[in-house]
Amino acid sequence: MTEASVEQLQAEIARLKAELEAAQALAERDVLTPVLNRRGFVRELGRAMAFCRRHGTSAVLLYLDLNGFKAINDRLGHAAGDAALVRTAEILTANLRESDAVGRLGGDEFALLLLGADASTGRDKANSLIERLAADGFAWNGETVPLAGAFGVRAFTDQDDPETWLAEADAAMWTSKPGR
């Protein structure tokens with residue numbers, strides 16, 4: 001094998017590695033917003049649960065469902081709805097620590113994982129995020145449209161798996177939803 005052949009193979013291996021890394025990132029990132037998708041978030045949740053068990057660390061899960069999202073789509077169009085989702089993800093991410101995780105679970109539902117936090121801290125964070133969403137909103141055709149949502153807060157209590165923990169936080173969110 002010639003030196004040129006070896007260099008060509010090394011370049012091909014490097015290209016394939018880069019393509020694989022890009023494909024893996026796409027598989028776990030939301031296509032619209034700058035956060036994890038459900039698959040990526042559930043993976044992070046599983047890792048966090050294992051970390052909490054091993055080190056006796058606390059964690060809290062916040063489950064957000066946007067209020068009035070259908071009305072945004074109906075009144076302003078689906079492009080505005082997409083802008084609302086992107087802005088929501090940006091606000092959530094900007095108001096969390098780097099060690100926390102944000103995921104869009106689908107539609108207008110998001111989840112936030114706060115490591116080293118308890119239920120009280122989670123409720124405080126949810127309240128501050130509700131205020132931030134309302135205050136910042138999103139811009140559409142020269143208008144600032146406020147965002148609103150309901151949070152469910154559920155501390156890690158050694159749940160069996162990530163989906164169970166998500167379901168508990170989702171159930172808690174429904175109890176805080178207006179008109180329920």
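Which residues in α4 are buried?

Tutor: Quick ground rules: this is a predicted model, where local features need pLDDT of at least 70, side-chain atom pairs count only at pLDDT 80 or more, and totals for chains, interfaces and linings use all residues. Residues are numbered from 1 along each chain as its sequence is written, and side-chain values use heavy atoms, with hydrogens and water left out.

Now, α4. The buried residues there are Ala80, Gly81, Ala84, Leu85, Thr88, Ala89, Ile91 and Leu92. "Buried" is under 20% relative accessible area, "exposed" is over 50%, and "partly exposed" is in between (1.4 Å probe, protein chains only). The helix itself covers residues 78–94, 17 residues in total. From its first C-alpha to its last it reaches 24 Å, close to the 24 Å expected at 1.5 Å a residue; that expected span is 1.5 Å times one less than the number of residues. Helices (H or I, at least four residues) and strands (E, at least two) are DSSP runs, numbered from the N terminus.

In α1, Arg15 and Glu12 sit three residues apart, about one turn of the helix, and their side chains meet at 2.5 Å, N to O. Arg15 counts as partly exposed because its relative accessibility is 38%, and Glu12 does too, at 34%. Helix α5 (residues 119–136) holds Asp136 and Arg132, four residues apart, bridged at 2.9 Å. Both are partly exposed, Asp136 at 25% and Arg132 at 34%.

Arg97 and Asp100 make another bridge, with the closest N and O atoms 2.7 Å apart. In this pair, Arg97 is partly exposed at 42% relative accessibility, whereas Asp100 is buried at 11%. There's a network as well, linking Glu28, Arg43, Glu44 and Arg47.

Then there's Glu109, in strand β3 (residues 109–115). Glu109 is buried yet has no salt bridge, and the nearest side chain of opposite charge, Arg38, is 5.8 Å away. (Lys and Arg count as positive, Asp and Glu as negative; His and the chain ends are not counted.) What Glu109 does have is a polar contact of 2.8 Å with Tyr63, side chain to side chain. That term means a pair of N or O atoms within 3.5 Å; within protein, one must be able to donate a hydrogen and the other to accept it, and residues adjacent in sequence count only if both atoms are side-chain atoms.

Last stop, the backbone in two loops. Most residues other than glycine have a negative phi. Asn141, in the loop between β4 (138–140) and β5 (143–145), has a positive phi of about 50° although it is not a glycine, and is exposed at 71%. Asp158, between β6 (148–155) and α6 (162–176), has a positive phi of about 65° and is partly exposed at 45%.

Technical notes:
Salt bridge = Lys/Arg side-chain N within 4 Å of Asp/Glu carboxyl O.
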